[in-house]
Amino acid sequence: MYTESMPMKTADADPVIEAKKTSADLQRSFLRHLQYTLVKDKYSATATDMYLALSYAVRDMLAERWLDTQQTYYIKDSKRVYYISMEFLMGRTLGNSLINLGIFSEWEAALKEMGITIEELAEKEWDAGLGNGGLGRLAACFLDSMATMSLPAYGYGIRYEYGMFYQRILDGAQTELPDNWLRYGNPWEFGRQEHLHKIRYNGRVVDYTGEQGDRHYSWVDTQDVMALAYDVPIPGYGNDTVNTMRLWSAKSTRDFELTSFNQGNYVGAVESKMKTENISKVLYPADHMLEGRELRLRQEYFLSSATVQDIFYRFNKHHDDLGLLPDKVAIQLNDTHPTLAIPELMRILLDEKQLDWGSAWDIALRTFAYTNHTILPEALEKWPVAMMEHILPRHLLIIYEINNRFLKEVATRFPGDNNKMRRMSIVGEDGEKHVRMAHLAIVGSHSVNGVSALHSQILREDLFRDFFQLWPERFNNKTNGITQRRWLKHANRGLAGLISSKIGDGWITDLDQMTGLRQFADDCDFQQQWIAVKHANKRRLADQIFKETGITVSPDSLYDCQTKRIHEYKRQLLNVLHVITRYNRIKINPGPGITPRTVIFSGKAAPSYQMAKLIIRLINAVGAAVNNDPLAGQLLKVVFLPNYSVSLAEMIFPAADLSEQISTAGTEASGTGNMKYALNGALTIGTLDGANIEIMEEVGRDNIFIFGLTSRQVSDLKSAGYRPQDYYYRNQELKQAIDMIGNGTFSPGDPGLFKPIVDTLLGTDTYLLMADYASYISCQENVDLLFQHPHEWARTSILNTAGMGKFSSDRTIAEYAREIWGINPETVRRHSRRDLQ
């Protein structure tokens, strides 16, 4: 930080805008913002003020490129892709921007001269509360890749005021607090008051006859909300492209407020305003109650409608012919959440643009593409018809018409197959009448893709088999990827530097160049350097663990990490069963041959998901028992790091030795944590699920720890009649572990606390933990054996990193752009600022 002896420099009032800035230039820009933007000096400036000053200075460097990028797209009339997602798990922006602008070292040196540590300032940035899990992080990686590849692209999401929630662990249990990430403002966003769109709800639909005698519809007496745009710059790496992520914030309409106030209902007016703006308050409101489900439906339409209206606004600047829309616009639906964009586009084309159905549908079909991210039935969204009729009456009529025409096509292709028609219908009749959003997305999109080879196979052969038989040409695979800029160059600077010293830095934009590391895998000196980098990262994480939990862990132990959303199918419970088994073995024989382990968990459970929250309690209860048992000593530690986030992940991935990817085969669509861990040199223990299969193919079967049933074996076992208790009685160690959970060993004050977990395992065991337990334990023994040979472990670690070329999001985005969107890179033309005068 500032030192008292450091002279306070006078900041220039004018910004310095040059292609190459000296250290003095950077310091002047920093001080200008500190003085003139924040009105602070060395006596009053806090660390947060300095972070803000640095952010504003870096933002200035983005501004020119950002303006030039948008000018280029308009001048060239580029076809653009609009990526709509309910989540964008961006993490911190400062470090990533410095890396992509290629100025991290320059700023680090400039600030160091002023007595300021850049890492200390970076810690003052809150993670943007715009996402929760893999869906949102994938979207963030995609935005980075699209900008780096100079693709004309926009991300569209919601500006959640409080994110999902801030997780604290109190007495071993998850406690949810508001994630007030915007409390101190967000220096990376720009409010766009001119981009304000009206979003309508409720009301009624009236039909009338047009001048040509055709039937038209009008949606009237609606309750309206305004969508206000906030833009965030997304810089590409090593180029002049800065794309835009546009986030929508809900605001009440002025007329709505004035009416209530003028009627003297002041309290009611404020309450109504708050209720209206709840739409953009929280990510994924609890949907176990009717109010929460209604709010979520309103959120999804809010995002869909604001985005489609904005796309039309931009398209109309250049074009009058609506038939050109698919030639200039590609819309990618990131899962089913934004699927209402399909009927919304149809509503505008039919009701406002007065197109006939056939023309409107042709435009929509050629514009939309859909990515499926799950095969779990409960995650495939279904909205009650009654709810949709109340909130979105016009859209329900459009969906009915889409379904009617679609079922006629099915009947023509498969005459007499009523069961197929029932299975494929967009409107489900079983139980409460509902709209199947995945079916609507498939019917309304020209492309449907899965996110790993196995996942896409399951979509074709099982989940959406009927649709594949009807439209095989629509289905394709796009295996997920991650951006190496954030997850290696930024998150693991030590390893990134070591790699570049051997193979150059071309891997930063071409991850296939990582194969060059294979020639060094057997080099003892390189192995030792690799081990040293890993050990430094482990010490750093050990410090963070102590800071967060008070638990002391040894960097010499094997760091065994499972960090992801807490869900039964991800099988954190299987990991816990291994921990208990390991603990029991140590108590029997705490000899010198045992490999010391630190088992690290992190992840959030949905607030209404009681079983997941109980699993968190069990992890912490087992951890308390193990960590306080002198017999375990340094041989076993269990840690649950609270409030899992991108920033925390950036500390865990570089330090991990072992990556737990242990979902039941056939349940994980892809996973991207597996890729981030492997890129940072962690070895994977996993099932043949999701992208694990493709990782195994790339790194080699001998360099990954695979266990458990295959997806086919899972299906066959369930079909044959799975009996989990058979495994319980046959395996004494498994029985002992489960009995300890059930008899209160880990909850002496409440012996029945974990009974629901035991009942689930011995009853249905939907995700086959019992069946995979023995194979998992055996595989973990192989992990121990290899870790006892550091150079062999380092060799395998190097080969894992070397095999990650396929898993860059650059490769994934190139496939989307070429095979689905039909868009091309655009070289940004730099403009003189005099062009604006």
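This briefing looks at one helix and at several salt bridges in the structure above. The model is predicted, so local features need pLDDT of at least 70 and side-chain atom pairs count only at pLDDT 80 or more, while totals for chains, interfaces and linings use all residues. Residues are numbered from 1 along each chain as its sequence is written, and side-chain values use heavy atoms, leaving out hydrogens and water.

**Helix α6**
- Helix α6 covers residues 134–148 (helices are DSSP runs of H or I, at least four residues, and strands are runs of E, at least two, numbered from the N terminus).
- Of its 15 residues, 14 are buried, so α6 is largely enclosed by the rest of the structure (buried means under 20% relative accessible area, exposed over 50%, partly exposed in between, with a 1.4 Å probe and protein chains only).
- Just after α6, serine 150 has a positive phi of about 60°.

**Salt bridges across the sequence**
- The structure holds 51 salt bridges (a side-chain nitrogen of Lys or Arg within 4 Å of a carboxyl oxygen of Asp or Glu).
- Lysine 613 pairs with glutamate 176 in a salt bridge, with the closest N and O atoms 2.9 Å apart.
- Lysine 613 sits in helix α23 and glutamate 176 in strand β4, so this pair ties together parts 437 residues apart in sequence.
- Lysine 613 is buried at 17% relative accessible area, whereas glutamate 176 is partly exposed at 29%.

**Another pair and a network**
- Aspartate 207 and arginine 215 form a salt bridge, their closest N and O atoms being 2.9 Å apart.
- Salt bridges with shared partners join Arg192, Asp231, Arg246, Asp310 and Arg314 into one network.

Terms used. Expected span 1.5 Å × (residues − 1).
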